[in-house]
Amino acid sequence: MTVKPTASPAILGLMTAILFLGQVLLRALPNVEIVSLLLLLYTLFLGRKVFYIVYAFVLLEGFLYGFGIWWFSYLYVWSIWVTVVYLLRQNTSALFWSILSGLFGLLFGGLCALPYLLIGGAGAAFSYWVSGLFFDLVHCAGNFALCLALFHPLRRLMQTIFGTH
């Protein structure tokens, strides 16, 4: 008899650790990250429980990198991402998720510019967004490529662990 793990606190903690480790290991590559893909898959398998992982992950990032303005952005940017994934969770196409992941990478800087809009006005937000456009393009390409290459293998792995979704 095989026992499938549930979304227990220990499993959520382990998944958070994998997410955080993936981010830390890829930090040398600007805007190439595995976080978007892992959160996509976590959302497909855990549903709304993924928010525990999101907020624990963002808290860990704050402890490691400091609690700057960017940190507040991560609280809502990652929440937006998993909410979109949750709403579209019935789709199983790697190409669909790759395009959506790429679009998310492209929009990431614009979403992170929102606090600057509140703090410094439209000019500050626009300057922040424009200064990061190159990195948003890299983020877009990286998200697209990683998702296209790894979506199905990682999904099959999670199906083996958690059961069919």
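In helix H1, the buried residues are Ile-11, Leu-12, Met-15, Thr-16, Leu-19, Phe-20, Gly-22 and Gln-23, and please keep in mind throughout that this is a predicted model. Those buried residues of H1 pack against H2, H3 and H8. As for H1 itself, the helix covers residues 9-25, which is 17 residues, and spans 24 Å from its first C-alpha to its last, close to the 24 Å expected at 1.5 Å a residue.

Let me turn to H2, residues 35-46, which packs with H4, residues 69-87, at an angle of about 45°, the two axes lying 9 Å apart. An angle of that kind makes H2 oblique to H4, and the crossing of these two helices is right-handed. Which residues of H2 and H4 make the contact? From H2 they are Val-35, Ser-36, Leu-39, Leu-40, Thr-43 and Leu-44, while H4 brings Trp-78, Trp-81, Val-82, Val-85 and Tyr-86. Sorted by class, this contact of H2 with H4 has nine nonpolar and two polar residues, and no charged ones.

Now to H3, which packs with H4 at an angle of about 155°, with the axes 10 Å apart. Because angles over 145 degrees count as roughly antiparallel, H3 is described as roughly antiparallel to H4, and H3 passes H4 in a right-handed crossing. The residues that meet here include Phe-51, Tyr-55 and Glu-61 in H3, and Trp-70, Tyr-74 and Trp-78 in H4. By class, the contact of H3 with H4 divides into 14 nonpolar residues, three polar and one charged.

Conventions:
Residues numbered from 1 in each chain as written. Predicted model: local features only at pLDDT ≥ 70, side-chain atom pairs only at ≥ 80, totals over all residues. Heavy atoms only, no water. Axes fitted to C-alpha atoms, helices over the stretch in contact; angles between N-to-C directions. Helix = DSSP H or I, 4+ residues; strand = E, 2+ residues; numbered from the N terminus. Parallel < 35°, antiparallel > 145°, perpendicular 65-115°, else oblique. Left-handed = near helix turned anticlockwise from the far one by under 90°. Contact = heavy atoms within 4.5 Å. Nonpolar A, V, L, I, M, F, W, Y, C, P; charged D, E, K, R; others polar. Expected span 1.5 Å × (residues − 1). Buried < 20%, exposed > 50% of the residue type's maximum accessible area, 1.4 Å probe, protein only.
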